[in-house]
Amino acid sequence: MKKVVNHILKTVAGFILLFNILALFWVIIYAFIPIPVTKLMVIEGQEKEIKYEWRNLDHISGRLQLAVMCAEDQYFLLHNGLDFRSIKQAEEVNKRGGNMRGASTISQQVAKNAFLWPDRTYARKASELYFALLIEMVWSKERIMEVYLNIAEFGDGIFGAEAASQAYFKRSADGISITQAARLAAILPSPKRYSAVAPSPYVQRRVEWIKKQMWYWGYEMTYEEEFVTKMTQ
């Protein structure tokens, strides 16, 4: 019996080790190459044409980078994948009966979009947390933002900042205005429901709130120490 138990334990340990090695290798590869496709793109592509065009971060407006940080993850440059402050704030809002809030960081969303599948099971959520921590260990914040803005869904079959900018504003992602950047960021929670071209009153309120946040940061996002230090003040 003891030999059987030891064999099972060794097999499980070997599986865990192999999984970690493969996951780390996958994350390292994606640290350098454009993400070719995501699971959601494959699913969506079965029924419609997918618009997706990769752009390096220096060809995506700093305004849009700042807008999505303000809208989706204000502590992005400070946390290591999990934002316990936002989790606590979301719990307090939800307990008070306010609009339900999530607390997924940009890193978690990248983990889900780049490596996993779009469902709400506990297994997927646990895998999301694992990959979020892993990419924070391996990738720079610039790379995380670059991947996020390239594979996030911005509309029905529209993936990435470049495809969204072209589809909605007829211009490249490096030339959008402050308002356009805020509109794209405002629709991210539900890009198939909300419109960046004809924003509803709710979306417009989000746009104005995002623009106020952007004003505080000077309308452009950087990854320099001075910018990060300002976030802690």
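This is a predicted model: local features need pLDDT of at least 70, side-chain atom pairs count only at pLDDT 80 or more; totals for chains, interfaces and linings use all residues.

Author: Lys170 belongs to the loop that runs between helix 8 (161–169) and helix 9 (178–186). Its phi is near 60°, a positive value in a residue that is not glycine. Is Lys170 buried or exposed? The relative accessibility of Lys170 is 68%, and exposed means over 50%, so Lys170 counts as exposed.

Tyr219 is located in the loop between helix 10 (201–216) and helix 11 (225–231). Although Tyr219 is not a glycine, its phi is positive, at about 70°. With a relative accessible area of 28%, Tyr219 is partly exposed.

Ala67 presents a buried case. This residue sits in helix 3 (residues 62–72), and because its relative accessibility is 0%, it counts as buried. Leaving aside residues up to four places away in sequence, Ala67 touches Ala181, Ala182, Ala185, Ile210 and Met214.

Finally, Ile16 may be considered. Ile16 is part of helix 1 (residues 2–30), and at 45% relative accessibility it counts as partly exposed. Ile16 also belongs to a nonpolar patch on the surface, together with Met1, Val4, Val5, Ile8, Leu9, Val12, Phe15 and Phe19. The accessible area of this patch is about 920 Å² in all. Between Ile16 and Ala67 there are 39 Å from C-alpha to C-alpha, and the two lie 51 residues apart along the chain.

Key. Residues are numbered from 1 along each chain as its sequence is written. Side-chain values use heavy atoms; hydrogens and water are left out. Patches are made of residues with over 30% relative accessible area and no salt bridge: like charges are joined within 9 Å, nonpolar side chains (Val, Leu, Ile, Met, Phe, Trp, Tyr) within 5 Å. Accessible areas come from the Shrake-Rupley method with a 1.4 Å probe; for residues, only the protein chains shown count as cover. A salt bridge is a side-chain nitrogen of Lys or Arg within 4 Å of a carboxyl oxygen of Asp or Glu. Helices (H or I, at least four residues) and strands (E, at least two) are DSSP runs, numbered from the N terminus. Buried means under 20% relative accessible area, exposed over 50%, partly exposed in between (1.4 Å probe, protein chains only). Contact means heavy atoms within 4.5 Å.
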